[in-house]
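Biologist: Please show me how the features of a protein model are read, one at a time.

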Amino acid sequence: QTRRGRHQAMASVAAARLGAKSGRPAALVGASMLASDLACMASDAKRVEACGSDYLHLDIMDGAFVPNLTWGPPLIKCLRKHTKAFLDCHLMVRDPLVWVEPIKDAGGDAYTFHLEAALAMETDISALCAKIREHGMKVGIAIKPGTPVDMLSPYISMIDMALVMTVEPGFGGQSFMESVMGKVSALRAAHPLLDIQVDGGLSPKTVGVAAAAGANVIVAGSSVFKAADPSEPIKAMRDAVLLAQPSGSSGATEAPVVPAVPALVEEKELSAQDKLKREAGYRAIDSHVTSGMVVGLGTGSTAYFAVERLGQKLAAGELDQIVAIPTSVRTEAQAKALGIPLVSLDTHPTLDVAIDGADAVDRELNLVKGGGGALLREKMVEVCARKFIVIVDESKLCDALGPSFPVPVEVASFCHASTMRAIGALPSLVGCTPKLRLGSAANNKEDGTTPAITDNGNCIVDVFFDAPLAEPSVAAVELQGVVGVVEHGLFCGMAAEVIVAGKNGVYSM
């Protein structure tokens, strides 16, 4: 057989594994045709097939669900004449129901639609999945970076694959969002045999993080088509997935495997500031956690090191009979990977200590939290702790809250614009500028075009200030009184101690 013929046979076998839900999930790497030379799509498709691509990934965008417009069934039908590859169709469209028959008629093999679009159209998702399957295509559901991964749970039995976007959908060439990996880890822990696809910014440099989190179906565009030899990045990414998978055979009765969560940075890459953050996180655990405690685990780059230290001390036998309550999906995945026993407020309503970071700390130890989008869960956990220890780097200290970091406010998605106007009209917030967070909920940078969605399914309004917030405690009360506000990021009078990682070392306030 020719190289291309051999690979077409391999691709056929590999594609058949998609959605098998038995044995070890297949390691599949597909080329995203959005990154190809669109004037030479057929020849580019043949080239990446010959170089080892397991499938071709086709992004269908209608200009409504996402602002970009790509191609539709006629182009897919033309491409099908030139390739026998498995065509994985990713529908970024407002009404996924109406596209099923046209995509199948054009030659599509897999049909992945966005959960957000189906819910917005009030589509019967069970009927939609059944219709896709009746038309002989594999069924996938995609979620944006800001959509809570738990929203997939009711539909897992209906699908062959879950796609977790690692960029905001709509455009190619974006940077990989590592913050989404907590969702992948949670999905893999709950569904060890599910095919989990990741799409956006994947390359040999970023795939290791995705593979370690549990992704086994990789979509890669620029890193493949811009390579002098596409076979090299394709092989490197497939090998990374295989390396990250648990050794030994898997079966339907096998216990769920919790993948290791990679460190934020390798030891050799730790900056001086990261080393101070680690020292602060370690000190918080060493000074405030003893055996038998119930511990609240925070979210963020500094809190990460506290969770890491707790896992180390449990593994070494220095601590025992510890249970912990995480404040986000990402922290939950990290804790599970480290073997930290987890419980919830439902069974353990009082905590001995909670340890978390903050985005701003004033002289009175009032805090702004929620830059990472976890403020509701953080406050629910930390208000129940007998002692709340805050760990920050020195850049988070300020004379007064307000200008240094916007105050995040979690609001119901229903009529969020109305709630945002009510927030802006509060007397204690005079002069503020409320702004709806777009893109990822994990930061307050505008890295997308759709509202950021928290782990709880809510939106976030970031409240910006030019002048210091005169009375944070008054603002907290007024914010809580706004109908539509779920929780706010002002944590007033809660911190027992603030451990600060400064340029000259670590100290306490």
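Modeller: Helices (H or I, at least four residues) and strands (E, at least two) are DSSP runs, numbered from the N terminus. This is a predicted model, in which local features need pLDDT of at least 70 and side-chain atom pairs count only at pLDDT 80 or more, while totals for chains, interfaces and linings use all residues. Residues are numbered from 1 along each chain as its sequence is written, and side-chain values use heavy atoms, with hydrogens and water left out.

Biologist: Which residue has its place in the loop between strand S15 and helix H15?

Modeller: Most residues other than glycine have a negative phi. Cys415, located in the loop between strand S15 (407–411) and helix H15 (416–424), has a positive phi of about 50° although it is not a glycine. Because its relative accessibility is 46%, Cys415 counts as partly exposed (buried is under 20% relative accessible area, exposed over 50%, partly exposed in between, with a 1.4 Å probe and protein chains only). Gln321, likewise not a glycine, has a positive phi near 55°. Its loop connects helix H12 (303–315) to strand S10 (323–326), and its relative accessibility of 67% makes Gln321 exposed.

Biologist: In what order do the eight strands close into a barrel?

Modeller: Strands of a sheet pair through backbone hydrogen bonds, either parallel or antiparallel. Here the order is S1-S2-S3-S4-S5-S6-S7-S8, with parallel pairing (two strands pair if DSSP finds at least two bridges between them). From one strand to the next, the twist averages 25° (axes are lines fitted to C-alpha atoms, for helices over the stretch in contact, and angles run from 0 to 180 degrees between N-to-C directions).

Biologist: Where do the side chains of S3 point?

Modeller: In a regular strand the side chains alternate between the two faces of the sheet. In S3, Leu87, Cys89 and Leu91 point one way, Asp88, His90 and Met92 the other way, and all are buried. The strand is accordingly described as mostly covered, with six of its six residues buried. On one side, strand S2 (residues 55–61) pairs with S3 (residues 87–92) in the parallel sense over six bridges, with Leu58 opposite Cys89. S3 also pairs in the parallel sense with strand S4 (residues 110–114), over four bridges, and Asp88 stands opposite Ala110 there.

Biologist: What do S2, helix H3 and S3 make?

Modeller: They make a right-handed β-α-β unit, with H3 covering residues 73–80 (a crossover is right-handed if, with the strands pointing away from the viewer, the path from the first strand over the helix to the second runs clockwise). A right-handed β-α-β unit is also made by S3, helix H4 (residues 100–106) and S4. Lys104 is found in H4, and its relative accessible area of 30% makes it partly exposed. Leaving aside residues up to four places away in sequence, Lys104 touches His135, Gly136 and Met137 (contact means heavy atoms within 4.5 Å). Lys104 and Lys396 are 292 residues apart in sequence and, C-alpha to C-alpha, 54 Å apart in space.

Biologist: Against which elements do the buried residues of H13 pack?

Modeller: The buried residues of H13 (residues 329–337) are Val329, Thr331, Ala333, Gln334 and Ala335. They pack against H7, strand S9 (294–297), H12, S10 and helix H14 (375–382).

Biologist: How many aromatic pairs does a search of the whole structure find?

Modeller: A pair of aromatic rings is described by the distance of the centres and the angle of the planes. The search finds one pair (rings of Phe, Tyr and Trp, its six-membered ring, pair if their centres lie within 6.5 Å; planes under 30 degrees apart count as stacked, over 60 as edge-to-face and the rest as tilted). The ring centres of Tyr304 and Phe305 are 5.7 Å apart and their planes stand at 90°, so the pair is edge-to-face. Both residues are buried.

Biologist: Over which ring does the charged end of Lys379 sit?

Modeller: The ring is that of Phe491, with the charged end of Lys379 4.6 Å from its centre (a charge sits over a ring if NZ of Lys or CZ of Arg is within 6 Å of the ring centre and within 35 degrees of the ring normal). The charged end of Lys369 also sits over the ring of Phe491, 5.5 Å from its centre.

Biologist: Which strands form the open sheet?

Modeller: Its order is S12-S13-S19, with antiparallel pairing. Strands S12 (360–361) and S19 (490–491) stand at the edges with a single partner strand each, so one side of each is left without a neighbour in the sheet. S13 (residues 367–368) and S19 run antiparallel and are joined by two bridges; the bridge partner of Val368 in S19 is Leu490.
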